[in-house]
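This briefing concerns the packing of one protein chain. Please view the sequence and structure below before reading the points that follow.

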Amino acid sequence: MKKIYSYLITLVFIALCTASCSTKDNTFFNGTIKGLSKGTIYLQQIQDSLLVTLDSVNVNGSSDFNFSLELNEPDIFYLYLDKKDGTIYDDRLEVFLEPGEISFFSKLNDFEKLSSLKGSKNHEKFMLYKKTMQRFNISNINLLQENFDAHKKNDTNLIKDVEKKLNTLLKTKYLYTVNFAIQNKKYEVAPFVTLREISDANVTFLDTIHKSLSIKVKKSKYGKQLKALIKERKSVLK
């Protein structure tokens with residue numbers, strides 16, 4: 001009986017050891033939000049069209065946080081800061097994480113604009129892309145205001161002129177994204193921005209981007225999604 005009991009204990013020990021040793025976390029996301037003394041930081045991701053919380057850290061007296069996760073390839077996540085200060089904020093940042101050591105820094109008074117992330121080349125490329133896109137968006141807002149004013153004045157010549165500028169801006173924005181994706185063909189951010197920003201572009205452009213991608217990126221989550229989109233678009237055109 002003692003032998004059987006001892007044998008069972010050994011099996012349980014091995015099972016527990018196997019479970020603990022099976023942790024395959026390979027991404028360590030450490031950060032500091034200066035000025036934060038109380039709140040909750042969430043690591044989130046969109047899964048099946050839903051925003052899912054993967055992990056969270058309650059902050060009470062310390063401005064530091066850390067997450068660890070198993071990541072098979074670079075992917076987009078969201079860092080959400082819920083401040084416990086009696087006011088409502090919606091501080092959610094897009095972060096393009098990749099396996100390895102990731103360090104993050106920001107300040108409570110301007111969580112988004114003062115944020116910086118090191119350790120992810122995809123995130124670095126993504127931030128450069130977003131900075132340029134922000135300029136396009138500002139130009140678009142200004143032109144939309146001009147278009148509104150032109151319609152208000154019923155100035156047909158001005159309306160045509162502004163609409164022409166809007167179409168030119170849209171084409172420029174699309175071409176910039178195409179060039180960005182091709183120039184960054186070795187990074188998963190290339191098919192990601194293509195899917196998010198110009199999924200309705202001419203299928204020839206999408207095909208050109210996909211063909212330019214490295215083999216690794218073609219096999220990635222977003223590379224496969226881009227391939228599926230192109231296949232779907234081509235089937236419609238037949």
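Beyond its neighbours within four places in sequence, Phe96 is in contact (heavy atoms within 4.5 Å) with Pro74, Asp75, Ile76, Ser120, Asn122, His123, Phe126, Glu188, Val189, Phe192 and Tyr222. The model is predicted: local features need pLDDT of at least 70, side-chain atom pairs count only at pLDDT 80 or more, and totals for chains, interfaces and linings use all residues. Residues are numbered from 1 along each chain as its sequence is written, and side-chain values use heavy atoms, with hydrogens and water left out.

**Nonpolar cores**

- A nonpolar core is a set of buried (under 20% relative accessible area, 1.4 Å probe, protein chains only) Ala, Val, Leu, Ile, Met, Phe, Trp, Tyr and Cys residues joined through side-chain atoms within 4.5 Å.
- The largest has 30 residues, of which Phe96, Phe126, Phe192, Val193, Ile198 and Ile209 touch the most other members.
- Two or more residues each come from α2 (121–153), α3 (156–183), α4, α5 and α7 (221–237), helices being DSSP runs (H or I, at least four residues) numbered from the N terminus.
- The largest share of this core, seven residues, is given by α3.
- A second, separate core of 21 residues includes Phe67, Leu71, Phe104 and Leu117.

**Ala201**

- Ala201 lies in the loop between α4 (189–197) and α5 (203–212).
- Ala201 counts as buried because its relative accessibility is 3%.
- Not counting residues up to four places away in sequence, Ala201 touches Tyr174, Leu206 and Arg233.

**α3 and α4**

- Lys173, Tyr174, Thr177, Phe180 and Ala181 in α3 meet Val189, Ala190, Val193, Thr194 and Glu197 in α4.

How values were computed. Buried < 20%, exposed > 50% of the residue type's maximum accessible area, 1.4 Å probe, protein only.
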